[in-house]
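Hi everyone, thanks for making time this morning. Let's bring the model up on the screen and walk through a few spots together.

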Amino acid sequence: MRDKVCFGVFGLALMLTLGNAGAAAAKLPSPATVPAVDDSAWQYRVQPADTLTGLTDAYLQDSANWRELQRLNKVADPLKLVPGSTLRMPLRLLRREASVAQVVFTQGAVSLVRPPAEAATPLVAGTTVQTGDRLRTGEQGSVSLRFVDGSRLLIAPGSEVSIEQLLVYGRSALPAMKLRLNRGSADSKVEKQPSRPADYELKTPSLNLGVRGTEFRVQVSDDGQATRAQVLEGVVAAVLAGASVPVEAGARRTPVEAGARRTPVEAGAPTTPVEAGFGVATLPGQPGLQGGKLPAAPDLGSVPPLLDRIPLTLAWSAQAGVQAWRAQVFAAGDFERLLLDSRSSSSSPKASWGATAELADLPDGRYTLRVRAIDALGLEGLASDWPFTLKARPEPPFNRAPPANAVVYGDTLDLAWTRPANALKFRLQVASTADFAAPQLDQSDLVGTETRITLPPGVHHYRLASIAKGDDLGPFGDPQKVTMRPIPPTPALQAPELSDKELNFRWAAAAGAARYQLQFASDAAFKQLLAEPSTDLPLLALPRPAPGIYYLRVRSVDADGHAGPFGSAQQIEIPRSQWPWLLVPAALLLLAL
């Protein structure tokens, strides 16, 4: 019994439980939609000057096998072949030669382990990988491989792939590829061949997948206990690991129907055909395959086409039945160049790449966002792609002064900010509205990192942008709000009134004053304060002080507790009482009597 998945022809199908959370059940196409072909032979198209013996020498393992080739194809004269006709060459007779795959792109931490060495070495674009190699990607690391027939494999961050076999059949350039995804995720796009599909098998710890020319994705949990596969194009033959059996050409297969009861796959059970738009999963504690229709592609219309912030934060429309999301950023239109990868743990339609290391190599430019929903089985749905442009540099400066939402008294505002790398000068905008539709000030020649501007009372908004060499204007930073208020006016003191017991003060009420603060001191510098009372009325009475010279001043305080300047100090002289001197003549008169 052979240990490979039979490609192209599928036996009796496993009955799957279809439908993801909230999605309607669907029926897979009937068997007639995937006609049986004999994948055990290569269909070679005869070229001018071809002979049967010449082809045998070029392609078969044993040159003596030309007679079997003649008998199989009913060739009358081995030296006279009809150009354009087709010869069937059994794969068992074809010469097999070692092949390689080329690394076309790497991002982040990517390493290669090549036996017999156990140490990992960095992997770079242009490297060739061969049978026995193991490829590993770190956090935000990715690698793209291209095989001899043009088939491609994209290995996502946090993954490990083993190259178990890379062969070609003689000079046909038709590859026989066997890969193993030990953990993480990988996207495969297998090119269709004009004469025969390529042999392409991808194994996981719990599931083996054999494909015709097709496009599919596979994810394996870190512990290897769960595997999920989704088919985007063509058909994939899925069988539980250890249960693969050959299926002869023309064997009949049963369609998977909606609501069909799931039956575990035992050793020796047939493969399960999974067609485009569907997925299957092996889950811990659940025997057999789970499966269903893939979630619909999300709507990315709310994602802005221009992004000017690092870190990147992207949001899109919510979708019913979604348990999580997978979001990826590629070079513009190039899905071999995976730059960022994020898998959310909630149904919130949002992705964020915040770590500086993740974005250090993501320059301004054009990119493509790819997003797909994840259902209750963990199957990743159909993807939506959205082009966007990143223009985040030169980065805007950070505000240093005034503090956020500051309240400034007077008509003078002092601004201060940082200087980002490559910033030669700055652009400052000030507006009365947060949308900056009609700026009161728009200045682009600020060389330093401080300036002073004059503003009327009211609420104002300001923002700053950096300008690099060549007048390269970066995005504006976050707008800041400041409230300008007039300085509380200084009250005008009236002449104090002195009585036998009190010293009374009065002043004119000041507009906007909530209360008033007085200072009463025995020195003109007000360092020896005798009293510092407050009142909400424009008058105040103090007990009559001892004779001497005193100083008084007053200021207004608004409702927010901001005090205006003190007015000019007034000097007050408290005279000695006249009554003791009036008693002297009376005492002399009494002595004369």
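**Pocket, helix and sheet**

The largest share of the lining of the second largest pocket comes from β24, which gives three residues. Before we go on, please keep in mind that this is a predicted model.

Let's stay with that pocket for a moment. Its volume is about 380 Å³. If you look for its centre, the closest of the 17 lining residues are Gly184, Ser185, Val220, Arg326 and Arg343. Three strands, β12 (175-189), β15 (215-220) and β24 (334-343), each supply at least two residues of the lining.

Now please turn to helix α1, residues 52-59. Which of its residues are buried? They are Leu52, Leu55, Thr56, Ala58 and Tyr59. Looking down the axis of α1, you find these buried residues within an arc of 165°, so they line one face of the helix. And what covers them? The cover includes strands β1 (41-45) and β2 (86-90), along with helix α2 (66-73).

Last stop: an open sheet of three strands, in the order β28-β30-β33, with antiparallel pairing. The edges are β28 (399-401) and β33 (450-454), each of which pairs on one side only. From one strand to the next, the twist averages 35°. Let's zoom in on β30, residues 412-417: β30 and β33 pair in the antiparallel sense over five bridges. To find your way along that pairing, pick Leu415, whose bridge partner in β33 is Thr451.

That's my tour, and I'm happy to go back to any of these views.

Note on methods: Residues are numbered from 1 along each chain as its sequence is written. This is a predicted model: local features need pLDDT of at least 70, side-chain atom pairs count only at pLDDT 80 or more; totals for chains, interfaces and linings use all residues. Side-chain values use heavy atoms; hydrogens and water are left out. Buried means under 20% relative accessible area, exposed over 50%, partly exposed in between (1.4 Å probe, protein chains only). Helices (H or I, at least four residues) and strands (E, at least two) are DSSP runs, numbered from the N terminus. The arc is that of the directions from the helix axis to the C-beta atoms. Contact means heavy atoms within 4.5 Å. Two strands pair if DSSP finds at least two bridges between them. Axes are lines fitted to C-alpha atoms, for helices over the stretch in contact, and angles run from 0 to 180 degrees between N-to-C directions. On a 1 Å grid over the protein atoms alone, a cavity is a set of points where a 1.4 Å probe fits but cannot get out, and a pocket is an open set with protein on both sides within 12 Å along at least five of seven lines; lining residues have an atom within 4 Å of a point. Grid points are joined across faces, edges and corners, and a volume is the space filled by probe spheres set on the points.
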